Amino acid sequence: MGPALERGRLAAGLLVNLAASICIVFLNKWLYVRMGFPNLTLTLVHFAVTWLGLYVCQALGIFSPKSLRPRQVLPLALSFCGFVVFTNLSLQNNTIGTYQLAKAMTTPVIVLIQSVAYGKTFPARIKLTLIPITLGVFLNSYYDVKFNFLGMVFASLGVLVTSLYQVWVGAKQHELQVNSMQLLYYQAPMSCGMLLCVVPFFEPVFGDGGIFGPWTLSAVFMVLLSGIIAFMVNLSIYWIIGNTSPVTYNMFGHFKFCITLMGGYLLFKDPLSINQGLGITCTLFGILAYTHFKLSEQEGGKSKLVQRP
């Protein structure tokens with residue numbers, strides 16, 4: 001029952017992340033389009049609610065905080081702020097297609113970082129699955145690709161910092177011997193403080209469009225709801241990466257992108273071209289191939305352990 005229970009827990013974590021991630025995409029889209037709520041400010045609210053949620057969890061005895069020195073968590077907090085700032089600037093200066101195309105490069109960069117910096121090796125068949133993933137997202141985005149030099153600089157920095165962040169999330173949990181809640185408990189308020197210093201340079205604080213602007217009660221409620229869902233997303237991200245790998249999470253992220261794209265088509269009647277349909281199929285093929293190879297690799301490892309005298 002051990003392996004079955006472990007697979008059930010992993011499946012539950014993935015489903016929670018899938019549902020929360022899709023909900024927050026549509027909720028944030030509504031806040032941006034209908035309410036004009038600023039991006040970085042909403043992220044700041046997300047991390048403040050995440051820290052508050054973790055504080056409540058530890059107060060209820062769900063987990064016990066582990067004493068960590070700030071410098072141990074500082075690289076993770078800085079990389080989070082960097083990837084939020086650069087990906088938002090990429091979205092601001094690029095079209096959606098270019099933004100999404102750049103995000104697809106995160107998986108190859110993660111593989112490169114883990115290979116060079118951590119000496120991790122990936123079988124050739126695992127590396128080959130990156131081809132249909134990248135090609136699939138490229139087909140989804142190709143119709144809207146318009147290059148902008150400044151936007152591409154931001155996109156490139158966003159990909160690099162995002163990749164470092166995802167790798168460090170897994171590495172720090174193992175290095176510091178902490179679980180997802182213990183690490184996020186320290187990282188969330190530190191990142192929140194850093195974003196608090198950054199927000200005034202990019203977005204208004206008072207007046208229309210600022211966090212202290214004349215928002216309606218319904219807007220405040222939706223922002224807080226978005227923060228609660230973000231807490232679930234952040235916690236499940238840490239848990240998934242800590243129990244699998246950054247590459248697995250990134251592959252799962254592409255799957256969520258496909259589901260979100262199809263959800264936009266079904267719920268909001270967004271146009272879906274033939275190229276986008278081919279891209280979804282190609283991406284899903286890559287994800288299924290990756291999953292099959294990883295499961296085969298794990299089963300092979302277990303067989304070797306059983307046969308060892």
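This is a predicted model: local features need pLDDT of at least 70, side-chain atom pairs count only at pLDDT 80 or more; totals for chains, interfaces and linings use all residues.
**Overall make-up**

The protein has 12 helices and zero strands. Read from the N terminus, the order of elements is α-α-α-α-α-α-α-α-α-α-α-α. The protein has 309 residues, of which 47% are buried. Among its contacts with a separation of 6 or more, 86% join residues 24 or more positions apart.

**Transmembrane annotation**

An unreviewed UniProt entry lists residues 12-32, 44-61, 73-91, 149-171, 183-202, 214-240 and 247-268 under "transmembrane region". Two of these spans can be set against the model.

**Helix packing**

| Helix pair | Angle | Axis separation | Source |
|---|---|---|---|
| α5 and α8 | about 55° | 9 Å | computed from the model |
| α2 and α9 | about 155° | 8 Å | computed from the model |
| α8 and α9 | roughly 115° | within 10 Å | computed from the model |

Helix α5 covers residues 106-117 and helix α8 covers residues 149-176, and the two pack at an angle of about 55°. At that angle α5 is oblique to α8. Their crossing is right-handed. On the α5 side, the contact is made by Thr106, Val109, Ile110, Ile113 and Gln114, and on the α8 side by Val159, Thr162, Ser163, Leu164, Gln166 and Val167. By class, the residues of this contact are six nonpolar, five polar and no charged.

Helix α8 also meets helix α9, and the axes of α8 and α9 cross at roughly 115°. This crossing is right-handed. Helix α8 contributes Tyr165, Val169, Lys172, Gln173 and Leu176 to the contact, while α9 contributes Ser180, Leu183 and Gln187. The residues of the contact of α8 with α9 comprise four nonpolar, three polar and one charged.

Helix α9 (residues 180-202) also packs against α2, at an angle of about 155° and with the axes 8 Å apart. Helix α2 is therefore roughly antiparallel to α9, since an angle over 145 degrees counts as such. The crossing of α2 and α9 is left-handed. The contact of α2 with α9 has 19 nonpolar and six polar residues, and no charged ones.

**Two buried residues**

His46 belongs to helix α2, which runs over residues 39-59. The relative accessible area of His46 is 9%, so His46 counts as buried, the limit being under 20%. Apart from neighbours within four places in sequence, His46 is in contact with Ile24, Asn28, Ser226, Gly227 and Ala230.

Gln166 is part of helix α8 and is one of the residues that make the contact with α5. With a relative accessible area of 9%, Gln166 is buried. Its C-alpha atom is separated by 9.0 Å from that of Phe80, a residue 86 positions away along the chain.

Conventions. Residues are numbered from 1 along each chain as its sequence is written. Side-chain values use heavy atoms; hydrogens and water are left out. Axes are lines fitted to C-alpha atoms, for helices over the stretch in contact, and angles run from 0 to 180 degrees between N-to-C directions. Helices (H or I, at least four residues) and strands (E, at least two) are DSSP runs, numbered from the N terminus. Angles under 35 degrees count as roughly parallel, over 145 as roughly antiparallel, 65 to 115 as roughly perpendicular and the rest as oblique. A crossing is left-handed if the near helix is turned anticlockwise from the far one by less than a right angle, and right-handed if clockwise. Contact means heavy atoms within 4.5 Å. Ala, Val, Leu, Ile, Met, Phe, Trp, Tyr, Cys and Pro count as nonpolar, Asp, Glu, Lys and Arg as charged, and the others, Gly among them, as polar. Buried means under 20% relative accessible area, exposed over 50%, partly exposed in between (1.4 Å probe, protein chains only). UniProt positions are given in the numbering used here, feature names are shortened, and annotations may be inferred rather than shown by experiment.
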